[in-house]
Amino acid sequence: MPSELNANIQKWWITIKVSWVKHTAYRLNFFLQIIGPSLVFFFVKYNLWSSIYAGDSALTIKGFSFQQMITYHMWAFIVALVAQGHGSWNLSDDIRMGRISSYLIYPFNFWEFHTASWLSFQAIQIGIASFTLFSVSFLGFLNLPSLEVMGVGIAYTLFISLFWFTMQYFTGVLAFWLEETWILRVMLNIITYFLSGAIIPLDLYPQWLVNVLNYTPFPYLTYYPIKIFMGQGSHLTQGLFIILGWTLVFAYINHRIWKKGIRLYTAAGM
Amino acid sequence: MKHYWNVYKKFVSTSVSVETSFRTSFILLIFMDLFFFLSTIGSVSFIYDHVTTIGPWQKNQLLFFLSFMLMIDNLHMMIFSQSFWEFSNHLKTGQLDYIILKPLSTIFSVFFRHFRLSSLFNTPVFLGSLIYYGNQVGLSLTQWALVPFLLALGLALLVVVEFTLTTSMFWLTDGMGINFLRMQMQQLARWPSFIYRGVIRKVLMSALPVLLIGSGPVQFLFDTAQWPLLVGMLLCLVLFSFLLVVVWRQGLRRYDSASS
């Protein structure tokens, strides 16, 4: 039994290492696809809010001074890097191109392979996020919270990343039925950016909309994690339960989809 | 010219046939564009619930600018967008061989090959928004008459800059990242030039003139004294077209088919 466990750990570890190499093989591509969009998104928001506040240090908008608004968006950048990675985009290609035939033969499941690949992607993202965080803190652009707050914030963000992975997995396995799953992924990103407070803080949204959103997973993906890092954590328990609930629901749906989909699978190219 | 028009009609008809074969994807694409439209307009509206101006512009002016940019986006999605993604795949797989062999301009066969019908379904929404906010800012009849030309000019500048940027894929093992770079350029262009400052603004107004795409025409519509921006757009259009032809030729020489 222990040797079986060791062998399994070994499989996971090797897959993580191989995925790491694959993710970082084309560094320019990695930068343009993964880091670039978040950087440009932050750059646009920084310029937009600079233009809105127009150097007026006394101006506050819904409780946000210019400095607080920029701090909010710096944390949004970090949270997006860790919690909303796009490491599972090749999942649907594996199905469409008939590459999952290999997984049906290998002693390593499809979900295990992609989860291990996602873990390696997460490790890279966490490395980049940590480097960014300590750089901006060292340069004096961001005050890091206490260790306790950081610990809670990081744990919460990692938990969200697991939910995000189940959502990405969900859009990926729909490739059994859909020709193009990237549309669903992009749609999910657009809706999430808008409803999670990634573009502007939810404090600026109409109250009725925020009340409705609190029952969905969206605000817990960006807005509340940022609030934790800013030392204004609230809805923590509610958020954990809502995200846990949605994660379990989507994990079950993914399982069912896989079981149904594999019966339809025709192994293109075989 | 007639020959190219006939070929383009065939490109459109085959693209429509392919797209409508996958109905779920077709419908999802319509919704994707709609969500994008709503989230963009919604975000700006929510900001204006708390401030009266952003830079020198009031709510309706900025929403007119956004509608103008979204209309360009809609046309870009319809006519060009898919071809960029296909091009990076064709380079990687060697399928570009078959395009080069055709007795047509390769730039035409690569970038005009795919038409997206689903975007046409959303055009009334984007156009409606442009007309609504155009009326809100009080455009005169003459200004309205200029809008189609300014849209065409903005779209032409966007795609020529993107075509030129895309040629860099010839020198890369995987060109997918360039497509993401293009999308980031579009994101930068979706905001008026006055929100940017310093060197970055100068670069984005000249060397990589993405801010001219929307800001040039809209600022001219609001104030005709801004006509030098349109001259700048025309100059950039000519310069980038020239650059595109030169770099494209170099790229084709550099291309070594992956399939042979």
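User: Which residues of H2(B) are buried?

Analyst: They are Leu28(B), Leu29(B), Met32(B), Asp33(B), Phe36(B), Phe37(B) and Thr40(B). Buried means that 20 or more other C-beta atoms, placed from the backbone, lie within 10 Å of a residue's own; 12 or fewer means exposed, and in between is partly exposed. This is a predicted model: local features need pLDDT of at least 70, side-chain atom pairs count only at pLDDT 80 or more, and totals for chains, interfaces and linings use all residues. Residues are numbered from 1 along each chain as its sequence is written, and chains are lettered from A and ligands numbered from 1 in the order written.

User: What do the buried residues of H2(B) pack against?

Analyst: They pack against helix H8 (182-195) of chain A, and against helix H3 (59-93) and helix H6 (117-136) of chain B.

User: Why does the span of helix H2 of chain B agree with its 26 residues?

Analyst: The expected span is 1.5 Å times one less than the number of residues. For residues 23-48 that should be 38 Å, and the end C-alpha atoms are 38 Å apart, so the two agree.

User: What makes H7(B) roughly parallel to H11(B)?

Analyst: Helix H7 (residues 141-166) and helix H11 (residues 227-254) of chain B pack at about 30 degrees, with axes 9 Å apart. That makes H7(B) roughly parallel to H11(B), because angles under 35 degrees count as such.

User: Why is Asn89(B) called partly exposed?

Analyst: Asn89(B) has 13 other C-beta atoms within 10 Å, so Asn89(B) is partly exposed. Asn89(B) lies in helix H3 of chain B.

How values were computed:
Helix = DSSP H or I, 4+ residues; strand = E, 2+ residues; numbered from the N terminus. Contact = placed C-beta atoms within 7 Å. Axes fitted to C-alpha atoms, helices over the stretch in contact; angles between N-to-C directions. Parallel < 35°, antiparallel > 145°, perpendicular 65-115°, else oblique.
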